[in-house]
Amino acid sequence: MQNNIIDIEKEAFESIEQAGDPDQLEQLSIKYLGRKGVLTKFLRNISSLPDDERPSAGKNANILKGKLEAAFKEALSKLEAVDAAGLTGIDVTLPGRPAKRGSFHPITQVAKEISDIFLRLGFDIAESPEVETDYYNFEALNIPKYHPARDMQDTFYVSENIVLRTHTSPSQPRVMESTQPPVRIISPGKVFRCDSDITHTPMFYQIEGLMVDKNISFGDLKGILTTFVHQFFDKETSLRFRPSFFPFTEPSAEVDIRCVMCKGEGCRICSKTGWLEVLGSGMVHPAVFENVGYDTDQYTGFAFGIGIERMAMLKYGIDDIRKFYENDIRFLGQF
Ligand code: 2NL
C-alpha cells in the first residue's frame, strides 16, 4: 500500500510536467482528484486496510492530495503565462531553423578556379577599364580599321573612338607599354559584344593570358595550356591543338578537348565531332610587340583567351548560357 501511493505520486507528477495545455491538465486533475479519481478511490479503500496501516495511508494520501492540488494550480498558471505570451504550441527547446547561406555565383567560382591555376603557375593578375579606347581594344592588337572584327554588329560604340571592350586583351598592351619582359599575366573580367542567343550574352567573362620572355616557344604554349586543361577538367582529358587564325597571333591555335558528354563517340553537344573547342591561343604577332616597343629580335611570347561561361557550361553540363544571368536562385543555389 505504501508503495502504491509512491507510484501514484511519481506517475501524477510526470504527467503534470508533460501536459502541454490547460485541457490536458483538467483531464489529469479529473483522473487523480475527481470523484472517480485514482486518489479518491485510494482514500475510499483505506477502510479495507489492516488496522495498523490505516492511519499512515490516510495521512499520506491527504498529503499527496494537497501536493497535487498545488501542482495543478502552478502548472495551470505556467501554461496560461505561455499562452498570454502567444507561445502556445511552440516548443521553445527545438533547435532554430538554420539561416540560408549565400554562395558565390558559378561564374565567379569558375573564374577564381581558372585564375588560381595560373597564379600557381606564376602568372600575375592585370586589370584594365571596361570602357576602352579604340586604340587599346583594336589598333594595338593588330586589328586595323575596317577589319571585320570591328563590325558595328559586334562592338558597342560609346563614341567614335571609345568602345565597351570586346575582349580583356587591352590590359596586356597596357602592361607591356610600361614593363619590359619577362611578363607573365592573366586578365580576367567582363567583356561586351552585341550578340544574344543560347550560346551568347551581350556581357560575358573572359580570362586572357600572356607570357613574354627570351626563347618562349610554341612548346611553352602547349605545356602551359595542357597543364591548365588537366587541372581544370581532369588529368585523363585528351586535348588537341588545331590551326586557327587571330589578327594578334601567328601562328594561332584553338584548343579542343575530348567531348565531356560522349567521351569522343560523337553527340549533339560536340556536333558529332567528338571534340569541344575550349580556348584560343597563339604566338604573339610581331606587330603587337612593335606597337608596345618590344624588341622582336630578343623576345617572343604566347597568349590565349578563355571564355569563362563556356568553361562553366562544359564543366557542369549546362546547355544555355542565359541561365547564368536569369538570377533564378534554384539554378544558382546548386553550385
Ligand atoms: C578566344 C581567343 C585569344 C589572345 C586571345 C592576345 C593578347 C595579346 C596578344 C596576342 Cl596582348 N594575343 N590574346 C590570343 C589568342 C586568342 O582569344 O577565342 N578567346 C575566347
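Which residues does methionine 311 touch, not counting residues up to four places away in sequence? I looked this up and found Val110, Ile114, Phe228, Phe232, Phe233, Val278 and Ile306. Contact here means heavy atoms within 4.5 Å.

**Entry 1: ground rules**

I note that this is a predicted model, where local features need pLDDT of at least 70, side-chain atom pairs count only at pLDDT 80 or more, and totals for chains, interfaces and linings use all residues. Residues are numbered from 1 along each chain as its sequence is written, and side-chain values use heavy atoms, with hydrogens and water left out.

**Entry 2: overall form**

I counted secondary structure next. The protein has 11 helices and 10 strands. Helices (H or I, at least four residues) and strands (E, at least two) are DSSP runs, numbered from the N terminus. The radius of gyration is 39 Å, well over the 20 Å from the globule rule for 335 residues, so the protein is more spread out than a compact globule. That radius is taken over C-alpha atoms, and the rule is 2.2 Å times the number of residues to the power 0.38. Along the principal axes, the C-alpha atoms fill a box of roughly 125 × 45 × 40 Å.

I then checked the surface. Its accessible area is about 19300 Å², with 52% belonging to carbon and sulfur atoms. The areas come from the Shrake-Rupley method with a 1.4 Å probe; for residues, only the protein chains shown count as cover. Of the 335 residues, 40% are buried. Buried means under 20% relative accessible area, exposed over 50%, and partly exposed in between. Among contacts between residues at least 6 apart in sequence, 65% join residues at least 24 apart.

**Entry 3: nonpolar cores**

I went back to Met311. It belongs to the largest nonpolar core, which has 41 residues. Ile114, Phe118, Phe228 and Met311 have the most contacts inside this core. Elements that each supply at least two of its residues include helix H5 (106–120), helix H8 (218–232), strand E9 (275–284) and helix H10 (308–316). A second, separate core has 20 residues, among them Tyr32, Leu49, Leu64 and Ala71. A nonpolar core is a set of buried Ala, Val, Leu, Ile, Met, Phe, Trp, Tyr and Cys residues joined through side-chain atoms within 4.5 Å. In soluble globular proteins, nonpolar side chains tend to be buried together.

**Entry 4: strand E9**

Leucine 276 lies in strand E9 and is buried, at 4% relative accessible area. Beyond four places in sequence, Leu276 touches Val255, Asp256, Ile257, Cys259, Val260, Ile269, Cys270, Arg310 and Leu314. Its C-alpha atom is 9.8 Å from that of methionine 261, 15 residues away along the chain.

Serine 281 is also in strand E9. Its relative accessible area is 2%, so Ser281 counts as buried. Contacts of Ser281 beyond four places in sequence include Leu221, Leu225, Phe246, Ala303 and Phe304.

**Entry 5: salt bridges**

How many salt bridges does the count come to? I get 18. The rule is a side-chain nitrogen of Lys or Arg within 4 Å of a carboxyl oxygen of Asp or Glu.

I looked at arginine 242 and aspartate 256, which meet at 2.8 Å, N to O. The pair links distant parts of the chain: Arg242 is in strand E7 (residues 239–246) and Asp256 in strand E8, 14 residues apart. Arg242 is partly exposed at 27%, whereas Asp256 is buried at 2%.

Next came lysine 323 with aspartate 319, at 3.1 Å, N to O. Lys323 is partly exposed at 31%, and Asp319 is partly exposed at 44%. I also found a network: salt bridges with shared partners join Arg240, Arg242, Glu254, Asp256 and Glu277.

Glutamate 74 pairs with lysine 78, with closest N and O atoms 3.8 Å apart. Both lie in helix H4 (residues 54–84), 4 residues apart, about one turn of the helix. Glu74 is partly exposed at 48%; Lys78 is exposed at 55%.

**Entry 6: threonine 168**

Is threonine 168 buried or exposed? Thr168 is buried, at 0% relative accessibility. I placed Thr168 in the loop between strand E4 (162–164) and helix H7 (171–178). A polar atom of its side chain lies 2.8 Å from the backbone oxygen of serine 187. Other contacts of Thr168 beyond four places in sequence include Pro188, Gly189, Lys190 and Gln206.

Terms used: Buried < 20%, exposed > 50% of the residue type's maximum accessible area, 1.4 Å probe, protein only. Polar contact = N/O pair within 3.5 Å; in protein donor to acceptor, adjacent residues only side chain to side chain.
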